[in-house]
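Me: I am new to this kind of file. Please take me through it, one feature at a time.
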Amino acid sequence: SRATRTTFAAELKRLSDANPDLGIRLVAGDDDDVPEQLQAIAQSVLLESVRNARKHAKPASVEVSTARAGGAFALEVINDGVPAGGGNRQPGMGLRLAAFEALQFGGIVEFGALGEHRWQVRLVVPVAEAAA
């Protein structure tokens, strides 16, 4: 796994500050949801999701959620812009690389239309639950 010089929370704030027109915000979850070993992949998926929203859609909001449940970490990034071509585009290199990186952790990256007017990128990776 590659190292990162920042945290998911700091990257989320940086992207929000750099893209005020996108309305990027955390709607569910908190900083503790992102396991240390998954910081880099979570940040990659977040960055690529925001980059794609800016490039291919005209969203008014980008909603980010994180969760840890059932032995897995999940990150969802949903925007309310409609991608050019209605979401029928082939994935670009960024999402392909993120999906490949997720596979190295036994995880997946899914993306596509969520209803008629929303687009979702979702990362799910198994994580060992801490002993209680």
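Reply: Start with the elements: helices and strands are DSSP runs, numbered from the N terminus. This is a predicted model, and its secondary structure comes to three helices and five strands.

Me: What pattern does the protein follow along the sequence?

Reply: Read in that direction, the pattern is α-β-α-β-β-α-β-β.

Me: Where is confidence lowest, and where is it highest?

Reply: pLDDT is the predictor's confidence in each residue, from 0 to 100. The protein averages 86, and 87% of the residues score at least 70. Confidence is lowest in helix H3 (residues 93–103), with a mean of 88, and highest in strand E3 (residues 72–79), at 96.

Me: How many of the residues are buried?

Reply: Buried means under 20% relative accessible area. Of the 132 residues in the protein, 40% are buried. The protein exposes about 7300 Å², with carbon and sulfur atoms supplying 53% of that area.

Me: Which residues touch the most other members of the largest nonpolar core?

Reply: Leu75 and Leu123 do, in a core of 27 residues. The elements giving two or more residues to this core are helix H1 (8–18), helix H2 (39–56), strand E2 (62–69), E3, H3 and strand E5 (119–126). H2 gives the most, six residues.

Me: Which residues is leucine 123 in contact with, leaving aside its neighbours within four places in sequence?

Reply: Contact means heavy atoms within 4.5 Å. Leucine 123 has such contacts with Ile41, Ala42, Val45, Phe73, Ala74, Leu75, Ala102, Ile108 and Val109. For the protein, among contacts between residues at least 6 apart in sequence, 69% join residues at least 24 apart.

How values were computed:
Residues are numbered from 1 along each chain as its sequence is written. This is a predicted model: local features need pLDDT of at least 70, side-chain atom pairs count only at pLDDT 80 or more; totals for chains, interfaces and linings use all residues. Side-chain values use heavy atoms; hydrogens and water are left out. Helices (H or I, at least four residues) and strands (E, at least two) are DSSP runs, numbered from the N terminus. A nonpolar core is a set of buried Ala, Val, Leu, Ile, Met, Phe, Trp, Tyr and Cys residues joined through side-chain atoms within 4.5 Å. Buried means under 20% relative accessible area, exposed over 50%, partly exposed in between (1.4 Å probe, protein chains only). Accessible areas come from the Shrake-Rupley method with a 1.4 Å probe; for residues, only the protein chains shown count as cover.
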